[in-house]
Amino acid sequence: MGRLGELEPVPRKSTVEIVYDELRTAILYGHLEPGEQLGEAELAGRLGISRGPLREAMQRLVQEGLLHSEPHRGLFVITLDQGDVEDVYLARLAIERAACTLVMDRNRGEAVARLTEALEHLVEAARERDRVKMSDADQAFHEVLVSASGSPRLERMAQTLLVETRMCLNALQGTYPEPEELVEEHRRLVDAISDGEEERLLRLIEDHMTDSIDRLRS
């Protein structure tokens with residue numbers, strides 16, 4: 001890194017990386033819906049690119065598990081059935097339980113400060129009763145929780161579930177808790193960390209995940 005204030009080259013993304021990010025975000029927010037077929041010609045036209053970078057970007061998404069190929073038909077956005085959703089939440093629970101244990105063993109004060117800020121964003125979204133903003137803030141809160149553990153590997157594991165988690169949250173919007181209830185669920189997590197109550201924290205994070213599975217079942 002150069003000296004403070006010194007001009008440096010701006011990192012540039014390749015066309016493939018840009019297209020990959022665009023498609024991944026579209027899947028994340030449901031603009032490319034579960035089960036939707038991705039037509040090369042139509043997508044290339046919409047994005048204003050040639051088919052080469054598009055194919056490469058889509059293959060990355062296949063490898064990531066967000067697209068799947070059907071012989072003689074093409075590529076489709078994955079769909080998550082009941083078993084997939086439960087598996088995503090069980091994986092999240094394993095990661096976040098481990099993160100909670102590390103948070104309690106390390107700098108709880110820093111974790112509480114960061115999570116309180118994330119909670120404020122959730123409160124603001126709940127006040128507006130904006131379901132998309134609430135999902136954004138909900139997901140961001142849990143990303144901060146894992147990040148506060150100080151474990152890069154847990155963070156990487158959580159990142160691999162990022163889009164599938166958001167697909168679950170999109171599916172949950174019809175059965176989402178009332179805004180005040182959602183805020184209170186997350187506030188209790190922060191309070192448990194602040195109070196140094198590890199057993200309560202682990203019970204709350206487990207209840208939070210299993211409640212989500214129950215809402216999707218219903």
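Helices are DSSP runs of at least four residues, numbered from the N terminus. In this predicted model, helix H2 covers residues 40-47 and holds both Glu42 and Arg46. The two residues are four positions apart, about one turn of the helix. Their side chains form a salt bridge, with an N to O distance of 3.2 Å. Glu42 is partly exposed, at 45% relative accessibility. Arg46 has a relative accessibility of 58% and counts as exposed, because the cut-off for that class is over 50%.

The search of the whole structure returned 14 salt bridges. Among them is a contact between the side chains of Glu178 and Arg129, at 3.0 Å from N to O. Glu178 sits in the loop between helix H8 (162-172) and helix H9 (179-194). Arg129 sits in the loop between helix H5 (108-128) and helix H6 (131-147). The pair therefore ties together parts that are 49 residues apart in sequence. Both partners are partly exposed: Glu178 has a relative accessible area of 43%, and Arg129 stands at 45% relative accessibility.

Arg129 also forms a salt bridge with the side chain of Glu180, at 3.2 Å from N to O. This pair links distant parts of the chain, 51 residues apart. Glu180 belongs to helix H9, whereas Arg129 is in the loop between H5 and H6. Glu180 counts as exposed, at 52% relative accessibility.

Salt bridges also join residues in a network. Glu40, Arg51 and Arg55 are linked in this way.

Notes:
Residues are numbered from 1 along each chain as its sequence is written. This is a predicted model: local features need pLDDT of at least 70, side-chain atom pairs count only at pLDDT 80 or more; totals for chains, interfaces and linings use all residues. Side-chain values use heavy atoms; hydrogens and water are left out. A salt bridge is a side-chain nitrogen of Lys or Arg within 4 Å of a carboxyl oxygen of Asp or Glu. Buried means under 20% relative accessible area, exposed over 50%, partly exposed in between (1.4 Å probe, protein chains only).
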